[in-house]
Number of protein chains: 2
Amino acid sequence: MTGGLVIMPISGVPEVRPGDRLAALIVDAAAGQETPLLDGDCIVVTQKIVSKAEGRLVALDADDGDARRRLIEQESRRILRRRDELIISETAHGFVCANAGIDLSNVDDGTAALLPVDSDRSARDIRNDIRSRLKISVGIVVSDTFGRAWRRGLTDVAIGVAGLAGVVDLRGSTDAHGRELHATEIAVADEVASAAELAMGKAAGIPAAIVRGLDPAWFREATVEELVRPPAEDLFR
Amino acid sequence: MTGGLVIMPISGVPEVRPGDRLAALIVDAAAGQETPLLDGDCIVVTQKIVSKAEGRLVALDADDGDARRRLIEQESRRILRRRDELIISETAHGFVCANAGIDLSNVDDGTAALLPVDSDRSARDIRNDIRSRLKISVGIVVSDTFGRAWRRGLTDVAIGVAGLAGVVDLRGSTDAHGRELHATEIAVADEVASAAELAMGKAAGIPAAIVRGLDPAWFREATVEELVRPPAEDLFR
């Protein structure tokens with residue numbers, strides 16, 4: 001087999017508290033399960049533990065609909081749609097998602113986790129910290145679980161990247177027939193987040209995964225803006 | 001490592017012609033590269049070779065904008081948006097995508113590949129054929145490359161499934177804090193398609209991949225309708 005991928009969930013990460021260094025927790029947990037990180041790996045880290053480590057927790061009574069709505073509006077720069085309790089909005093980062101990405105699951109009762117202020121910075125910090133500790137270069141994707149227009153079910157996407165492309169532009173490449181390929185800008189960081197989610201599961205509390213075997217050409221400096229369609233380009237907001 | 005995934009591209013599939021049995025081509029190619037299919041695998045097969053095998057090819061001069069537009073309209077049941085040459089429409093299957101899923105790359109000059117009439121049936125045929133040949137049970141995902149609202153870059157999604165859930169409903173499960181999880185219907189077949197795409201690449205002409213290690217609970221009878229949001233539920237069309 002050439003060109004294959006391996007995706008390994010990282011279990012054994014302890015409960016994350018504000019101020020924790022995620023890189024240390026991830027490196028130790030990966031070593032503890034005998035899947036040490038290697039140069040060229042991409043590490044996918046869920047938003048939830050990034051938000052916890054960065055103290056992005058606020059008090060919220062999940063049963064208080066008004067408080068919930070106020071918090072979502074505060075975390076949004078634009079409301080796109082409302083239906084019953086559901087609010088689809090655009091966050092300060094430009095992400096369009098339900099409830100401004102505010103998370104009520106896997107946090108303590110009476111609290112909610114907000115999105116990181118700058119998930120690219122969060123990703124860069126983890127990347128730099130892993131480089132210092134292990135002398136290896138890895139890509140980092142901070143992932144979150146978003147809904148989609150038109151399709152049912154949620155998928156994980158990238159809300160922050162470091163050292164890995166958000167989008168790889170294959171336009172201008174030629175296909176197997178020598179014809180120029182059109183419209184093949186692939187959202188590799190989103191696909192990496194989705195692939196990792198398959199291995200992490202949702203209820204098991206696994207907050208990170210190693211994705212090994214990605215094309216080396218995809219590892220470069222990047223920001224999540226590559227993945228955010230500007231409103232002027234967007235036909236659906 | 002427990003719970004890991006392995007994704008293996010299947011290369012060596014010959015050029016597909018109308019009437020070809022895809023299962024035979026895939027089984028032989030996988031055996032030829034020493035990654036034989038195993039019970040419990042999921043095989044991701046790209047729309048392009050399914051459309052070719054099913055003879056869903058029509059003559060089209062790619063430079064004739066009017067002919068292109070007529071074909072897209074003919075393959076759509078509803079146009080959602082137009083901008084310049086781009087048409088976002090809903091296909092007869094209910095998929096919302098660009099250009100009704102009509103594909104001009106990796107087919108012969110002067111032809112275009114339409115979506116399969118019924119990709120679930122295509123997937124079922126491949127699944128049944130593999131079961132007959134190898135006496136194993138596998139899941140099948142027929143994948144295609146779609147754009148998204150709000151986010152840049154394309155990702156692969158499922159347009160047909162057999163033997164694998166489209167969406168896995170984790171609602172009612174409890175998280176690591178014993179709190180009930182909300183809104184965790186995960187589009188596993190779409191995530192499987194995306195994961196496979198990372199291994200297949202676009203220009204290399206690799207038309208299938210093995211995804212090994214998926215949760216056995218996800219293998220069941222299913223249709224792609226699980227992944228199609230009905231217009232009445234959809235806030236964005």
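In this predicted model, helix α5 (residues 188-200) of chain B packs against α5(A) at an angle of about 120 degrees, and the two axes run 8 Å apart. The crossing of α5(A) over α5(B) is left-handed. On the chain A side, the contact is made by A:Val188, A:Glu191, A:Val192, A:Ser194, A:Ala195, A:Glu197 and A:Leu198. Chain B answers with B:Val188, B:Glu191, B:Val192, B:Ser194, B:Ala195, B:Glu197 and B:Leu198.

A:Ser194 sits in helix α5 (residues 188-200) of chain A. For a sense of distance, A:Ala29 is 165 residues away from A:Ser194 in sequence, and their C-alpha atoms are 21 Å apart.

Now to the helix pairs inside each chain. In chain A, α1 and α4 pack at about 55 degrees with axes 9 Å apart, and that angle makes them oblique, therefore neither roughly parallel nor roughly perpendicular. Their crossing is right-handed. The residues that make the contact are A:Leu22, A:Ala23 and A:Val27 from α1(A), facing A:Ile126, A:Asp129, A:Ile130, A:Arg133 and A:Leu134 from α4(A).

Chain B has its own version: helix α1 (residues 22-32) and helix α4 (residues 119-134) of that chain meet at about 55 degrees, with axes 8 Å apart. So α1(B) is oblique to α4(B) too. The crossing of α1(B) and α4(B) is right-handed. Here B:Leu22, B:Ala23 and B:Val27 of α1(B) meet B:Ile126, B:Asp129, B:Ile130, B:Arg133 and B:Leu134 of α4(B).

| Helix pair | Angle | Axis distance | Crossing |
|---|---|---|---|
| α5(A) and α5(B) | about 120 degrees | 8 Å | left-handed |
| α1(A) and α4(A) | about 55 degrees | 9 Å | right-handed |
| α1(B) and α4(B) | about 55 degrees | 8 Å | right-handed |

Back to α1(A), which spans residues 22-32. Which of its residues are buried? They are A:Leu22, A:Ala23, A:Leu25, A:Ile26, A:Val27 and A:Ala30. The cover over them includes α4 (119-134), and also α2 (47-53) and the strands β1 (5-10), β2 (42-46) and β12 (208-212), within chain A. Nonpolar side chains tend to be buried together in soluble globular proteins. Just past the end of α1(A), A:Glu34 takes a positive phi of about 60 degrees.

The nonpolar core is next. The largest one has 150 residues, and A:Val141 and B:Val141 touch the most other members. Leaving out residues up to four places away in sequence, A:Val141 touches A:Cys42, A:Val44, A:Ala123, A:Ala158, A:Val161, A:Leu164, A:Ala189, A:Val192 and A:Ala193. A:Val192 also turns up in the contact between α5(A) and α5(B).

A:Lys135 isn't a glycine, yet it has a positive phi of about 60 degrees. It is in the loop between α4 and β8 (139-146) of chain A, and it counts as exposed because it has 8 C-beta neighbours inside 10 Å. B:Asn99 isn't a glycine either, and its phi is positive at about 55 degrees. Its loop runs between β6 (96-98) and β7 (111-113) of chain B, but B:Asn99 counts as buried because 22 C-beta neighbours lie inside 10 Å.

Note on methods. Residues numbered from 1 in each chain as written. Chains lettered and ligands numbered in written order. Predicted model: local features only at pLDDT ≥ 70, side-chain atom pairs only at ≥ 80, totals over all residues. Buried ≥ 20, exposed ≤ 12 C-beta atoms within 10 Å, placed from the backbone. Helix = DSSP H or I, 4+ residues; strand = E, 2+ residues; numbered from the N terminus. Contact = placed C-beta atoms within 7 Å. Core = buried A, V, L, I, M, F, W, Y, C linked by C-beta atoms within 7 Å. Axes fitted to C-alpha atoms, helices over the stretch in contact; angles between N-to-C directions. Left-handed = near helix turned anticlockwise from the far one by under 90°. Parallel < 35°, antiparallel > 145°, perpendicular 65-115°, else oblique.
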